[in-house]
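Please examine the model shown here and discuss its overall fold and one of its loop residues.

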Amino acid sequence: MEEHLVPRAGQHRLYDLTSENTSAETKASTARWYAEMMIDLFFSEKGKSKVGAEKFNRLSLGEKIKILKEDYSNGLIDVLNLIKQFGDIASHYQPGRTIEAESVENVIKKSLSLFDFVLIDLMKDNGIRKTEVTATLFSTFLPSIRVRVLKEIVNLGSVRGDSDEDMFLLDKLLLALTKNGEGKKAIRLLEKLKKQEKIGDYHVNFWKEKVDIIQGKIAEGVLPIPENISDCKRNFDDVFNQLSDEEKAENDSLIKVFNTMFDQVEPSEMGDKQPSLMVLM
């Protein structure tokens, strides 16, 4: 199962970014290119509306980041600045200066995680419950992405068993962990929260049963869990085709993100997967 999704516009640079045969400098400069592509695809709309599309496109990466700082989280800005820093180092020769392999691997990881910030921005502040179908749309992405996004928007330190919002988010995190092959981690999280008296026996028993059911469906091979971008496209199409015009309009921002990521991607076949089990996604 893949850990990240890469837009079609960036797939031809994936080798340079991740191959063992490319140098640290090549990887760092490619990470910078990748960040510029992600800004253009997912983070540039507000900046272009402020200064104009043509001017924004001509700006340096540093100038673009300064504009993005007005509208996006410090987490995203810090990642972009880190990528820029190493990309700048890789682009200029200086005697005796090298880029450590461990450092560049971190930069690669940060680059590939940029898409997480797109979803975090949309799902935070209870955005995941914007409509009845928003969470279902979100569930068509890779479980690994959903785990990372949900960990950012679920405050486990203040979870309350009597909070409908907290329990909804915790439910989605536990589901994502289980779909990501981390069922044991989901159970450990439940036990930890129970020990901290944040949730009770009822919650633990309810979710343990749910985890068991999901793991059983996974073992049967019928649960439509996406493993790559084509599977995500397949699941998205299945959900999207069932939406009303009103639901599509209410989720237009999220749908736009999906359409951008899945541009020119062919959906995989459902095979033995059961679309009816999307409710467990």
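Colleague: How many helices and how many strands does the protein chain have?

Modeller: The model is a predicted one. Its secondary structure contains zero strands. The number of helices in the protein chain is 16.

Colleague: Why is the protein chain described as compact as a globular protein of that length?
Modeller: For 281 residues the globule rule gives 19 Å. The chain is as compact as a globular protein of that length because its radius of gyration is close to that value, at 20 Å.

Colleague: What share of the residues of the protein chain counts as buried?
Modeller: A residue is counted as buried when its relative accessible area is under 20%. Applied to the 281 residues of the protein chain, this gives a buried share of 48%.

Colleague: How far apart are the mean positions of the positive and negative charges of the protein chain?
Modeller: The protein chain carries 40 positive and 47 negative charges.

Colleague: Is Ser-139 buried or exposed?
Modeller: Ser-139 sits in the loop between helix 9 (134-138) and helix 10 (143-153). Its relative accessible area is 6%, and the cut-off for burial is under 20%. Ser-139 is therefore buried.

Colleague: Which residue provides the backbone oxygen that the side chain of Ser-139 reaches?
Modeller: The loop that holds Ser-139 lies between helix 9 (134-138) and helix 10 (143-153). From there, the side chain of Ser-139 reaches a backbone oxygen at 2.6 Å. The residue that provides this oxygen is Thr-136.

Conventions: Residues are numbered from 1 along each chain as its sequence is written. This is a predicted model: local features need pLDDT of at least 70, side-chain atom pairs count only at pLDDT 80 or more; totals for chains, interfaces and linings use all residues. Side-chain values use heavy atoms; hydrogens and water are left out. Helices (H or I, at least four residues) and strands (E, at least two) are DSSP runs, numbered from the N terminus. The radius of gyration is taken over C-alpha atoms; the globule rule is 2.2 Å times the number of residues to the power 0.38. Buried means under 20% relative accessible area, exposed over 50%, partly exposed in between (1.4 Å probe, protein chains only). Lys and Arg count as positive and Asp and Glu as negative; His and the chain ends are not counted. The place of a charge is taken as NZ of Lys, CZ of Arg, CG of Asp or CD of Glu. A polar contact is a pair of N or O atoms within 3.5 Å; within protein, one must be able to donate a hydrogen and the other to accept it, and residues adjacent in sequence count only if both atoms are side-chain atoms.
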